[in-house]
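Please report on the fold of this chain. Cover the sheets, the packing of the helix faces and the parts that call for caution.

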Amino acid sequence: MQLLFLGTGAGMPSKQRNTSSLALKLLEERGTIWLFDVGEATQHQILHTTLKPRKIEKIFITHLHGDHIFGLPGLLGSRSFQGSDQPLEIYGPKGIKEFVESVLKISRTHLTYPILFNEKLEGRIFEDDTMIVETALLDHVIPSYGYRITQKPRPPKLNIEKATALGVPKGPLLAKLKSGGRCRARRRQDGKKLRSDGSGAAWVYLIHFGRHPFLPSGD
Ligand SMILES: [Zn+2]
């Protein structure tokens with residue numbers, strides 16, 4: 001997960017700072033990019049990076065002032081020019097749907113992908129296996145929202161070589177260890193109790209004298 005600031009200015013762009021936009025790179029986590037606000041010329045800023053508009057999965061708009069949304073129509077068009085057919089989700093205060101649909105209609109811009117709008121910014125607005133997005137109303141002259149992104153714990157990686165060396169046979173027990181469960185394995189006279197440390201980063205192996213070889217333990 002990486003944050004890339006595409007613009008940190010307000011009101012109008014300067015040579016040093018473009019208007020607001022922030023990219024959250026989730027390429028490793030989900031192969032996509034999330035954008036927060038799309039100020040004017042955000043796509044020009046993107047040209048100076050390795051970001052690909054077709055990889056943008058979600059766009060979150062904090063509020064409807066122009067310095068946060070005037071770059072949106074052009075970016076949507078470029079995402080279409082790149083031939084993307086993947087849906088794009090846009091979250092924002094009430095009015096963002098009307099803004100986008102009006103610009104696209106008047107400019108006769110036809111997109112190659114559908115846009116899903118979400119203008120109901122209350123509490124938890126998105127959750128899947130990997131991420132949670134929550135909102136909170138901020139203090140500004142028009143309705144403005146903050147977004148809190150939480151990454152869920154990543155699934156653990158099983159050290160198959162080590163588990164095999166400790167006597168765990170291939171099959172259901174390996175799968176059980178991988179999903180965070182426990183099992184007992186017996187090698188020669190020693191039983192070894194194996195378990196995940198729960199962090200997903202490593203596996204902890206506890207020495208234990210088990211009665212039955214390769215039986216899942218209930219504790
Ligand atoms: Zn504002």
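## Contacts and confidence

Residues 24 or more positions apart account for 51% of the chain's contacts with a separation of 6 or more. Two residues are in contact if their C-beta atoms, placed from the backbone, lie within 7 Å.

This is a predicted model: local features need pLDDT of at least 70, side-chain atom pairs count only at pLDDT 80 or more, and totals for chains, interfaces and linings use all residues. Residues are numbered from 1 along each chain as its sequence is written.

The predictor's confidence in each residue, pLDDT, runs from 0 to 100. Its average over the chain is 83, and 79% of the residues score at least 70. Residues 196-219 stay under 50, and the model has 49 contacts for them beyond four places in sequence. Where pLDDT is low, the predicted coordinates should not be read in detail.

The chain has seven helices and twelve strands. Both are DSSP runs numbered from the N terminus: helices are H or I with at least four residues, strands are E with at least two. Of the 219 residues, 26% count as buried. Buried means that 20 or more other C-beta atoms lie within 10 Å of the residue's own; 12 or fewer means exposed, and anything in between is partly exposed, with C-beta atoms placed from the backbone.

## Two open sheets

Two strands pair if DSSP finds at least two bridges between them.

Another open sheet has three strands in the order S7-S8-S9, with antiparallel pairing. Here the edges are S7 (124-127) and S9 (144-151), each pairing on one side only. Its neighbouring strands are also turned by 20° against each other on average, direction ignored.

| Strand pair | Bridges | Residues standing opposite |
|---|---|---|
| S1 and S2 (residues 21-26) | five | Phe 5 and Leu 22 |
| S2 and S3 (residues 32-38) | six | Ala 23 and Leu 35 |
| S8 (residues 131-138) and S9 | eight | Leu 138 and Ser 144 |

## The core

A nonpolar core is a set of buried Ala, Val, Leu, Ile, Met, Phe, Trp, Tyr and Cys residues joined through C-beta atoms within 7 Å. The largest one here has 25 residues. Leu 35, Ile 59, Phe 60, Ile 61 and Ile 90 have the most contacts inside it. S2, S3, S4, H4, S5 and H5 each supply at least two residues of this core. S3 gives the largest share, five residues. In soluble globular proteins, nonpolar side chains tend to be buried together.

Which residues does Ile 59 touch, leaving aside its neighbours within four places in sequence? Ile 59 is in contact with Leu 35, Val 38, Leu 88 and Ile 90.

## One face of H4

Helix H4 (residues 72-81) has Leu 72, Leu 75, Leu 76 and Arg 79 buried. Seen down the axis of H4, its buried residues fall within an arc of 100°, so they line one face of the helix. That arc is taken over the directions from the helix axis to the C-beta atoms. The buried residues pack against S3, H2 (42-47), S4 (56-60), H3 (66-69), S5 (88-91) and H5. Gly 83 follows H4 and has a positive phi, near 80°.

Asp 37 has a phi near 65°, a positive value in a residue other than glycine. Asp 37 lies in strand S3. Is Asp 37 buried or exposed? Asp 37 is buried, because 23 other C-beta atoms lie within 10 Å.

Arg 108 also has a positive phi, near 55°, and is a residue other than glycine. Its place is the loop between H5 (96-106) and S6. Arg 108 is exposed, with 6 other C-beta atoms within 10 Å.

Conventions: Axes fitted to C-alpha atoms, helices over the stretch in contact; angles between N-to-C directions.
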